[in-house]
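The following briefing reviews selected features of a protein chain. Please consult the sequence and structure shown here alongside the notes.

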Amino acid sequence: MYIKKLVKCSINSPHPPENTTVECQIEWELRYDHMQQHTGQHLLSAICIDEYDAHTSSFHLGKDTVSIDLSVSEFSDNQLIHIENQVNKAIYENRVIKTYFVSKEQAGTLPLRKMPDVEGDEMRIVEIDGIDTSACAGTHVSRTGELGLMKLLKTEKSKGNTRVYFIFGGRALKDYQQTHNVLTTLANQHSTNREGLIDKIAKIETENKQYQREIEELKGKIDHFLAQELIQTHNDPIINKTFEDKSLKELQGIARQINAASNQCVIFTTTLENKLLISHNGSISVQCGPLFKQELKNFNGKGGGNNTSAQAAFENANDLDTFKNFLDSKIRESL
Ligand SMILES: [Zn+2]
């Protein structure tokens, strides 16, 4: 419900001043959704008590999720399906839902789930015929058939209890429409039907793993050839090279191959990521990690490493280049 004409209200004072006349209007779509989720919760809570002595300790009704906390540590998959079936059976039975007022004394004779702490002598009762009697001042549908459909979505552990997420009515229909759309689209894309999707996707995953293995193997061969070429074309104690199209991870692969075959020190930079890599096989005295720790901050770089290998990232290509030249000089001094 929203107030159409509201006088002098704010977040700190959400109510109109006393004796003010306002026009109100119910936002029916939202109200009916709340009626379905809330009444549904009465039904679901009652079924959970009847079937598993699981009592509801709290209820959350949000824009996207609805949940209750139940006083059991966990449910099995079969138990959850059983709860879902029992709730939907009660929906098909289209039971009457009555609301009426009773005195506190009369309330004491009713099979209430919980005696509420209310002011005054009267309290409002909501009764789902033959299933549940609760004290409640909320909004409810008038027959269980109006709940349409219930679907349990997931459970999670919550302080020794189980939080159960669910949807009723319009939300369940919307969820089914979306789910159907996703599954149909995926099935069409993979030229199969919904039942065939799981096998189809499992087959694609297996193929992808195989492709990934083949790619890694080929990359290793390329790294090997590239490393050999760099060793042969650099008649120098340092192989200093900038790449424009390789990631740091790829450069590490090439550097490993060089370090295994040569005593040359590798300084690689990639302008693709503004990153730098240094590595050697222990044949020179430069301790990479400690040097980076001491000097990187002067070049706006971040990184680190161990004695024979280190890497760093820079905010721009200029800082990267300046540090690379500094490093080259530093290593030459140590030779
Ligand atoms: Zn209620």
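Strands S6 and S7 form a hairpin with three residues between them, and Gly130 in the turn has a positive phi of about 75°. The model is a predicted one, in which local features need pLDDT of at least 70 and side-chain atom pairs count only at pLDDT 80 or more, whereas totals for chains, interfaces and linings use all residues. Residues are numbered from 1 along each chain as its sequence is written, and side-chain values use heavy atoms, with hydrogens and water left out. Helices (H or I, at least four residues) and strands (E, at least two) are DSSP runs numbered from the N terminus.

**Strand pairing**

- Strand S6 (residues 122-128) is largely enclosed by the rest of the structure, because five of its seven residues are buried; buried means under 20% relative accessible area, exposed over 50%, and partly exposed in between (1.4 Å probe, protein chains only).
- Strand S5 (residues 97-103) pairs with S6 in the antiparallel sense over seven bridges, pairing being assigned if DSSP finds at least two bridges between two strands.
- Within this pairing, Phe101 has Arg124 in S6 as its bridge partner.
- S6 is also joined to strand S7 (residues 132-135) by four bridges, and these two strands run antiparallel.
- Thr133 in S7 is the bridge partner of Glu127.

**Asp132 in strand S7**

- Asp132, which is placed in strand S7, is buried because its relative accessible area is 6%.
- The side chains of Asp132 and Ser134 are joined by a polar contact of 3.0 Å; such a contact is a pair of N or O atoms within 3.5 Å, where within protein one must be able to donate a hydrogen and the other to accept it, and residues adjacent in sequence count only if both atoms are side-chain atoms.
- Apart from neighbours within four places in sequence, Asp132 is in contact with His42, Ala46, Arg113, Val126 and Glu127, contact meaning heavy atoms within 4.5 Å.

**His82 in helix H2**

- His82 lies in helix H2 (residues 77-92) and is partly exposed, with a relative accessible area of 27%.
- Not counting residues up to four places away in sequence, His82 touches Glu51 and Tyr52.
- Glu51 and His82 are 31 residues apart along the chain, and their C-alpha atoms are separated by 8.8 Å.

- Most residues other than glycine have a negative phi.
- Asn94 has a positive phi of about 50° although it is not a glycine; Asn94 is found in the loop between H2 and S5 and is partly exposed at 31% relative accessible area.
- Lys159, also not a glycine, has a positive phi of about 50°; its place is the loop between strand S8 (150-158) and strand S9 (161-168), and Lys159 counts as exposed at 83% relative accessibility.

**Helix H8**

- Helix H8 (residues 317-334) has 18 residues and reaches 26 Å from its first C-alpha to its last, close to the 26 Å expected at 1.5 Å a residue; the expected span is 1.5 Å times one less than the number of residues.
- Asn316 caps the N-terminal end of H8, with a side-chain oxygen 3.1 Å from the backbone nitrogen of Asn318.
- The buried residues in H8 include Leu320, Phe323, Leu327 and Ile331.
- Among the elements covering the buried residues of H8 are strand S10 (238-243), strand S14 (309-314) and helix H7 (288-295).

**Domains**

- The domain assignment, which is automatic or from a database, gives domain 1 (36-189) and domain 2 (212-334).
- The centres of domain 1 and domain 2, taken over C-alpha atoms, are separated by 62 Å.
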